[in-house]
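Please examine the model shown here.

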There are 4 protein chains.
Amino acid sequence: MKTCRVGLVGITGYAGMELARLLVAHPAMQLVMACSRAKAGKRLGEFYPFLEKLPGADVEISVFAPRNAAEICDLVFLAVPAGTAMGMAALLLEHGVKVVDFSADFRLHNAQTYEEWYSHNHTEKNLLDEAVYGIPELYAERIAGARLVANPGCYPTSVILGICAACRHDLIHTDDIVIDAKSGATGAGRKAAVQTLFCEVSDTFRAYSIPRHRHTPEIEQEISGLAGRKVQLSFNAHILPMNRGIFSTIYTKLKNPRIQPDSVYTAFCRTWKDSRWVRVLPQGSLPETRYVRGGMFCDIAVVTDPRTGRLIILSAIDNLCRGASGQAIANANLMCGLPVETGLGMAPLA
Amino acid sequence: MKTCRVGLVGITGYAGMELARLLVAHPAMQLVMACSRAKAGKRLGEFYPFLEKLPGADVEISVFAPRNAAEICDLVFLAVPAGTAMGMAALLLEHGVKVVDFSADFRLHNAQTYEEWYSHNHTEKNLLDEAVYGIPELYAERIAGARLVANPGCYPTSVILGICAACRHDLIHTDDIVIDAKSGATGAGRKAAVQTLFCEVSDTFRAYSIPRHRHTPEIEQEISGLAGRKVQLSFNAHILPMNRGIFSTIYTKLKNPRIQPDSVYTAFCRTWKDSRWVRVLPQGSLPETRYVRGGMFCDIAVVTDPRTGRLIILSAIDNLCRGASGQAIANANLMCGLPVETGLGMAPLA
Amino acid sequence: MKTCRVGLVGITGYAGMELARLLVAHPAMQLVMACSRAKAGKRLGEFYPFLEKLPGADVEISVFAPRNAAEICDLVFLAVPAGTAMGMAALLLEHGVKVVDFSADFRLHNAQTYEEWYSHNHTEKNLLDEAVYGIPELYAERIAGARLVANPGCYPTSVILGICAACRHDLIHTDDIVIDAKSGATGAGRKAAVQTLFCEVSDTFRAYSIPRHRHTPEIEQEISGLAGRKVQLSFNAHILPMNRGIFSTIYTKLKNPRIQPDSVYTAFCRTWKDSRWVRVLPQGSLPETRYVRGGMFCDIAVVTDPRTGRLIILSAIDNLCRGASGQAIANANLMCGLPVETGLGMAPLA
Amino acid sequence: MKTCRVGLVGITGYAGMELARLLVAHPAMQLVMACSRAKAGKRLGEFYPFLEKLPGADVEISVFAPRNAAEICDLVFLAVPAGTAMGMAALLLEHGVKVVDFSADFRLHNAQTYEEWYSHNHTEKNLLDEAVYGIPELYAERIAGARLVANPGCYPTSVILGICAACRHDLIHTDDIVIDAKSGATGAGRKAAVQTLFCEVSDTFRAYSIPRHRHTPEIEQEISGLAGRKVQLSFNAHILPMNRGIFSTIYTKLKNPRIQPDSVYTAFCRTWKDSRWVRVLPQGSLPETRYVRGGMFCDIAVVTDPRTGRLIILSAIDNLCRGASGQAIANANLMCGLPVETGLGMAPLA
């Protein structure tokens with residue numbers, strides 16, 4: 001197996017930490033560049049104490065320079081804020097380096113929707129058609145041929161995988177979807193802020209950004225694609241007093257309220273029977289975030305409620321691995337000609 | 001202020017602990033009896049180490065005996081399982097002792113509904129008409145005259161208070177309500193069980209009893225009363241990796257999707273303007289369970305989403321205080337002729 | 001009971017929040033002033049959402065001005081950083097206002113020790129003799145007559161109360177003491193910082209400031225007083241993944257390694273038998289921070305280990321209530337001529 | 001690399017879960033047998049939902065039978081209670097199967113000490129001489145030749161690795177050692193019990209088994225070996241409100257109180273410079289359990305306190321991986337002729 005040399009721009013957040021963690025176990029990808037203006041000059045292991053004595057620890061943190069990147073990297077992961085990523089991506093592509101971008105900058109096909117939800121201009125609109133939305137289960141082939149992959153948001157990953165089978169089998173009214181999503185606190189990022197201090201998150205529960213969370217248009221775009229019609233839905237986010245994990249409870253209405261629960265279950269199983277990472281739980285079982293912690297699985301339960309004519313889908317992923325860095329590696333694997341699962345065979349840390 | 005002598009049957013659960021805690025600060029209620037077959041003979045303070053050197057610590061735990069209760073208690077709190085409570089309540093009433101029952105045994109007016117959801121017979125059907133559902137904000141007058149109060153479930157308390165104003169002002173379609181509720185782990189009780197061990201609840205999130213949680217009929221009964229029509233809804237419960245607190249996110253559809261958010265907000269404020277314990281948060285603020293921890297408040301936010309025509313109500317309470325023992329004391333206050341807030345003036349432990 | 005009007009300078013930290021919480025339940029103290037440069041102009045309830053609809057919520061936050069304070073306050077609590085407090089205290093005293101200072105500025109009798117451990121000059125050395133170290137169990141009489149009380153550190157409170165009986169009964173070698181202390185994360189304060197983010201504290205454990213934690217000289221000063229000789233000891237702090245509570249494990253050597261455990265236990269019980277808030281646990285029981293959460297108790301266990309000739313003392317308090325704001329109120333009670341326990345009768349929130 | 005076929009007896013505890021997790025990533029070990037009387041007949045993946053779609057999920061749980069084991073396993077891991085393990089080990093050895101035993105049954109060379117601390121008889125005393133104490137850093141060669149390895153306790157692993165360099169370089173008085181150890185709640189096991197329920201462990205901190213924790217003799221035995229004299233010490237355990245991790249703070253007295261901190265540090269670095277898993281942190285850094293979570297590292301800080309003449313050693317490991325199942329695999333690797341690190345190259349889940 002040939003080795004793919006990769007770089008990471010943006011090391012101070014949780015996605016960067018998680019990427020470094022996962023690359024340690026990757027047999028065909030080598031971290032050769034780590035960029036951060038603030039930390040330049042340090043060894044990566046100094047900044048990530050967990051990484052000492054492991055591959056990548058000795059990489060010297062540098063300031064981002066696309067020409068350097070082009071010399072030493074086949075592919076670069078951008079873990080920088082929306083708005084910053086787009087320009088970096090354009091530069092890297094110009095220099096012939098492939099890009100997996102963690103930000104929202106290339107997730108929405110429609111620049112106007114982007115500008116409406118993100119409140120700044122899109123300066124690289126010409127790349128939007130080329131960028132591929134990076135869910136391997138849906139777009140593996142296009143990802144494999146892409147120079148630029150937009151790594152999906154964590155919430156959207158859990159929701160899209162959760163609802164996919166219901167759309168494909170035309171089980172639900174797609175104009176009446178409510179998503180109640182809950183995320184571990186790593187989802188709030190690693191910036192110093194009073195509201196994400198331990199004592200402000202521990203032992204409490206809250207909602208945020210209701211009713212206009214920025215992941216909404218991305219979810220609507222993909223569900224629209226699956227449903228074959230323009231879908232508007234209600235997406236609502238909450239923060240959990242724990243580090244990792246996203247749990248989405250998806251409320252839908254059955255097209256046929258008298259459908260047998262077994263038929264629904266069978267449809268879900270059929271959609272995912274060959275999937276490596278989507279696990280449809282046995283009927284009667286419900287997912288838990290701990291069973292997917294640190295891994296690539298998306299655990300899905302589907303519950304038919306004949307009393308109310310609803311279909312309730314419950315979906316759990318790890319927000320940092322499946323919802324960010326692990327999915328980024330899966331995408332990079334495909335872009336580098338590697339099997340999608342390379343380096344991602346670990347068990348969840350239950 | 002004359003003192004009301006009270007007893008507690010069922011000391012081993014969290015509701016009993018919380019009741020003992022709250023009675024310490026009550027100026028007009030004295031714990032004179034604490035019953036538990038398993039712990040009989042011990043001092044209450046031995047079993048509740050937090051209570052030592054405080055009022056109630058020296059009560060000797062005894063086996064439940066209605067005649068004894070009648071001799072020394074004006075009122076008894078029953079914190080025993082559904083099914084067990086009904087018989088005890090009947091005996092106490094026979095002996096002239098008032099009862100606040102924490103279980104579901106007297107919450108549902110309809111015995112058949114009870115038997116359907118709780119899977120055992122109701123042996124005291126004749127008391128169902130007399131029992132008052134104990135939400136002081138809704139039924140203060142009837143509670144004051146009652147011999148038997150059915151203390152509401154924790155989830156129902158948060159949901160009913162949350163949705164009440166929307167029903168009263170006829171803002172929503174009551175046939176299309178979805179409730180996504182999340183509870184701290186004290187809600188799962190204090191029985192030894194692997195699934196509620198620290199390591200099975202910490203750092204994880206899960207749903208349970210979907211789609212048939214036993215609190216559903218109680219919520220439907222009360223919302224039906226508020227709406228003036230028979231309401232069926234979807235109630236869904238999740239367990240949070242924290243001790244206390246319930247957070248209900250209530251998804252409804254607006255009758256008038258173009259209604260001004262300000263009008264909705266004003267309607268909520270009007271309903272609760274004289275309420276001691278229901279706090280409608282400023283527009284733009286969302287509740288957090290920590291701000292109601294250990295107290296009687298119900299914090300409510302109301303969010304109008306013109307994009308989807310939905311009204312989202314977020315409601316937070318402390319499940320043990322407002323959702324159980326504090327509400328029980330409020331009910332007992334009314335039953336004993338005391339101001340409803342007596343002994344309940346503490347601030348939340350934020 | 002006459003009402004004591006009090007002010008609070010420094011509202012943004014946890015000690016300020018806790019003080020506001022406790023004053024709600026205080027029958028003879030009224031919060032009339034709350035100062036913060038950053039938040040001036042807001043109502044206190046806006047900044048402390050838990051406080052809405054409770055006493056104190058409507059106080060308007062103002063900029064600190066000693067003359068104003070003198071007009072409306074009998075006593076002011078200073079919850080500002082060491083170095084800032086000393087000047088404010090001097091001004092308030094000049095204007096005839098009593099002061100309880102939460103900082104370390106007046107805890108050490110020796111200015112040179114202060115300057116050595118706190119790395120800045122002491123500008124109010126003349127007040128050091130007058131200031132009383134505010135542990136009511138040790139100095140009630142002097143506190144009652146004081147204009148200026150230095151509210152003790154949280155760790156020192158747990159250690160001094162824990163070790164007091166052993167010194168008084170001359171049970172241990174005071175030249176060989178090791179303290180391993182663990183604190184909830186509120187002890188790290190409420191400043192925005194990456195290292196105290198939820199995801200950096202949750203699910204992990206660490207030590208800090210070893211071997212030179214600033215509470216060391218304060219502990220040595222007081223133990224020296226109890227022992228009647230100059231004591232140097234090893235004090236070591238750790239941070240717990242929880243909000244509240246301090247647990248100190250104190251390792252000492254018995255003067256008489258063959259002493260009967262019962263004798264030691266009896267000595268401890270004798271020292272504290274009339275104490276309202278110090279609870280010596282039954283032999284065989286060990287303290288837990290939850291049993292003192294939110295209250296004034298100090299729970300102490302004393303374990304004699306004949307195998308190693310050691311006496312191990314375990315002491316648990318709530319760092320915010322007993323270790324800061326509750327103790328401040330106890331001190332203020334004494335300074336205002338009120339019974340020490342006024343407003344502090346609540347049960348711990350177990 | 002030839003594959004080693006392994007069995008696991010005792011699947012219901014956390015060590016069993018962790019072993020199954022680690023074997024997924026092991027390139028040369030295959031789980032072919034999983035035993036549990038209570039769960040026999042189920043697939044392992046049914047009982048461990050995190051394992052579905054991963055290697056080992058389809059193993060059918062069976063009742064332990066040494067003959068079966070002999071047919072299909074090269075080596076068996078025993079994750080059963082002390083007292084039960086010794087007989088099983090003897091049977092397996094008779095049938096020619098190598099054993100790594102997680103219990104204490106073969107850790108102490110002296111049967112009398114075992115019986116004194118574990119309160120039951122040792123029925124396989126003849127195996128005590130043969131059993132090797134399984135810390136690869138100390139006994140790699142003997143482990144490689146062993147039929148029976150006693151996998152060390154979690155606390156002892158952290159303490160022995162922490163203190164080893166100090167003994168080897170003769171830096172401390174070995175007759176005056178105090179260990180204050182703190183463990184995540186997985187250390188308390190997975191039995192249903194009220195005292196380990198989420199609500200009894202969360203948000204609180206406590207000590208237990210003081211002053212006679214069963215890991216004491218094991219620590220004393222190994223430190224005695226390192227020190228070359230019989231050592232008695234004070235070992236004290238506490239439970240942390242988190243799942244994984246052990247943190248030991250080790251208090252010792254320097255033989256030479258005026259020794260330069262740099263000399264001490266250099267001595268520690270020298271001892272561990274070629275170690276794969278022991279990381280001596282840079283001076284000024286202190287360990288955190290999260291940086292070793294889920295991995296094999298032991299992070300050590302050494303702090304010289306000239307003020308008190310003490311040497312304080314802080315040591316952090318993951319109790320389930322390094323302190324149990326990961327170390328078991330390292331031992332099994334050696335016993336099977338594999339490089340010690342095989343399958344253990346993962347990064348900690350920080």
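This is a predicted model: local features need pLDDT of at least 70, side-chain atom pairs count only at pLDDT 80 or more; totals for chains, interfaces and linings use all residues.

Me: What is the strand order of the open sheet of seven strands in chain A?
Reply: Helices (H or I, at least four residues) and strands (E, at least two) are DSSP runs, numbered from the N terminus. Two strands pair if DSSP finds at least two bridges between them. The pairing in this open sheet is mixed, and the twist from one strand to the next averages 25 degrees. The order is β9-β10-β8-β11-β14-β13-β12.

Me: Why is one side of β9 and of β12 in chain A left without a neighbour in the sheet?
Reply: Strands of a sheet pair through backbone hydrogen bonds, either parallel or antiparallel. In chain A, β9 (206-208) and β12 (278-280) stand at the edges, so one side of each has no neighbour in the sheet. The reason is that each has a single partner strand.

Me: Which residue is the bridge partner of S183(A) in β11(A)?
Reply: Strand β8 (residues 178-183) of chain A pairs with strand β11 (residues 246-253) of chain A in the antiparallel sense, over six bridges. Within β11(A), the bridge partner of S183(A) is I246(A).

Me: At about what angle to β13(A) does helix α10 of chain A run?
Reply: Axes are lines fitted to C-alpha atoms, for helices over the stretch in contact, and angles between N-to-C directions run from 0 to 180 degrees. Helix α10 (residues 261-272) lies across β12, β13 (298-305) and β14 (310-317) of chain A. Its direction relative to β13(A) is about 160 degrees.

Me: Is C154(A) buried or exposed?
Reply: UniProt lists C154(A) under "active site" in an unreviewed entry; such annotations may be inferred rather than shown by experiment, and positions are given in the numbering used here, with feature names shortened. The residue C154(A) is found in helix α7 (residues 154-168) of chain A. A residue is buried if 20 or more other C-beta atoms (placed from the backbone) lie within 10 Å of its own, exposed if 12 or fewer, and partly exposed in between. With 27 other C-beta atoms within 10 Å, C154(A) is therefore buried.

Me: Which residues are in contact with C154(A), leaving aside its neighbours within four places in sequence?
Reply: Two residues are in contact if their C-beta atoms, placed from the backbone, lie within 7 Å. Among the partners of C154(A) are S183(A) and I246(A), which are bridge partners of one another.

Me: What separates the C-alpha atoms of C164(C) and A227(C)?
Reply: C164(C) is found in helix α7 (residues 154-168) of chain C and counts as buried, with 24 C-beta neighbours inside 10 Å. Not counting residues up to four places away in sequence, C164(C) touches L226(C) and T271(C). Although C164(C) and A227(C) are 63 residues apart along the chain, their C-alpha atoms are separated by 8.7 Å.

Me: Is D170(C) buried or exposed?
Reply: D170(C) lies in the loop between α7 and β8 (178-183) of chain C. Phi of D170(C) is near 55 degrees, a positive value in a residue other than glycine. Because 12 C-beta neighbours lie inside 10 Å, D170(C) counts as exposed.

Me: How many residues of chain C are in contact with chain D?
Reply: Strands of chain C that each supply at least two residues of the side touching chain D include β10 (234-239) and β11 (246-253). Chain D gives 34 residues to the contact. The number from chain C is 34.

Terms used. Residues are numbered from 1 along each chain as its sequence is written. Chains are lettered from A and ligands numbered from 1 in the order in which they are written.
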